[in-house]
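Grab a pencil and work through these exercises with the model open beside you. Try each task yourself before you read the solution.

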Amino acid sequence: MHLHTQTWGEGDRVALLIHGIMADHRTWRRVGPALADHGYRVIAVDLRGHGASGRGEYSPELYADDVVETLPAGAELAIGHSLGGLTLSLAVDRLRPARAVFSDPAFHLAAPADGIGPEVLAQFKTATKERIRAMNPRWEEVDVDIELETLAVWDERTALSLAPLAGTDLMPPAPVVPSLVQLADPSVLIDEERAALLKSRGFEVRSVAGAGHTVHRDDFDGFMASLEGWL
């Protein structure tokens with residue numbers, strides 16, 4: 001599937017952005033322009049089932065195939081958040097960016113017994129503005145409004161399709177290109193044991209102190225600072 005994209009900047013270098021579940025390219029509203037200011041032409045996708053992209057069957061492998069179909073290979077930088085991080089991990093051998101950043105990636109999906117399984121995620125489709133604000137007290141109001149807009153066009157079947165993967169290990173065995181794993185503090189997806197395992201496999205791991213899962217919305221300055229040496 002060829003995906004809808006949003007572009008910022010006209011730099012000689014290319015950066016790719018892949019959002020997480022329930023979101024779309026609008027989640028990068030500050031990151032895209034910031035990278036453009038660093039001299040990048042920034043391309044963000046809407047994954048299938050999200051934003052203005054098409055609907056269909058859903059799986060991480062299909063998301064990966066879509067981004068390979070849509071995005072240019074050989075970019076200078078690729079960043080994937082949450083489900084976008086998992087997607088990037090499955091596409092990185094074909095996209096071959098010079099550097100990859102996995103922002104609080106979904107390398108381990110919680111089982112339903114842990115309280116945040118696929119069915120619970122699907123229920124966020126009807127989340128109110130008050131609930132979004134309460135769950136994300138550090139977000140700017142514009143991000144709360146964007147979340148409402150993205151939920152309205154999101155196909156919640158994307159969450160339900162993840163059910164077979166709940167509780168399984170999805171961590172990549174090794175980095176295909178130089179790779180940073182950027183974690184929330186604490187991360188509900190990558191605990192200390194998994195972080196240590198990623199380090200042992202050759203990933204650089206950094207945490208953004210006090211940041212929630214959507215690091216770039218929770219602490220934009222901390223998000224950008226943690227990319228030092230990777231831009």
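**Exercise 1.** Work out at roughly what angle the axes of helix α2 and helix α3 cross.

*Solution.* Step one: find the helices, which are DSSP runs (H or I, at least four residues; strands are E, at least two) numbered from the N terminus. You want α2 at residues 60-70 and α3 at residues 83-95.

Step two: get the axes, which are lines fitted to C-alpha atoms over the stretch in contact, with angles running from 0 to 180 degrees between N-to-C directions. These two come within 8 Å and cross at roughly 55 degrees. That makes α2 oblique to α3 (under 35 degrees is roughly parallel, over 145 roughly antiparallel, 65 to 115 roughly perpendicular, and the rest oblique).

Before going on, note that this is a predicted model, where local features need pLDDT of at least 70, side-chain atom pairs count only at pLDDT 80 or more, and totals for chains, interfaces and linings use all residues. Residues are numbered from 1 along each chain as its sequence is written, and side-chain values use heavy atoms, with hydrogens and water left out.

**Exercise 2.** Find which residues of α2 meet which residues of α3.

*Solution.* Look for contact, meaning heavy atoms within 4.5 Å.

Now sort them: Ala, Val, Leu, Ile, Met, Phe, Trp, Tyr, Cys and Pro count as nonpolar, Asp, Glu, Lys and Arg as charged, and the others, Gly among them, as polar. The contact of α2 with α3 has 10 nonpolar, one polar and three charged residues.

**Exercise 3.** Describe the largest pocket: what is its volume, and which residues are closest to its centre?

*Solution.* On a 1 Å grid over the protein atoms alone, a pocket is an open set of points with protein on both sides within 12 Å along at least five of seven lines, while a cavity is a set where a 1.4 Å probe fits but cannot get out; lining residues have an atom within 4 Å of a point. Points are joined across faces, edges and corners, and the volume is the space filled by probe spheres set on them.

The largest pocket comes to about 900 Å³. It has 40 lining residues, and Met22, Leu121, Met135, His213 and Thr214 are closest to its centre. By class, the lining splits into 25 nonpolar, 11 polar and four charged.

**Exercise 4.** Say which residues line the largest cavity.

*Solution.* The space inside is about 40 Å³. Around it you'll find Thr27, Arg29, Arg30, Val31, Asp143, His216, Arg217 and Phe220. Sorted, that's two nonpolar, two polar and four charged.
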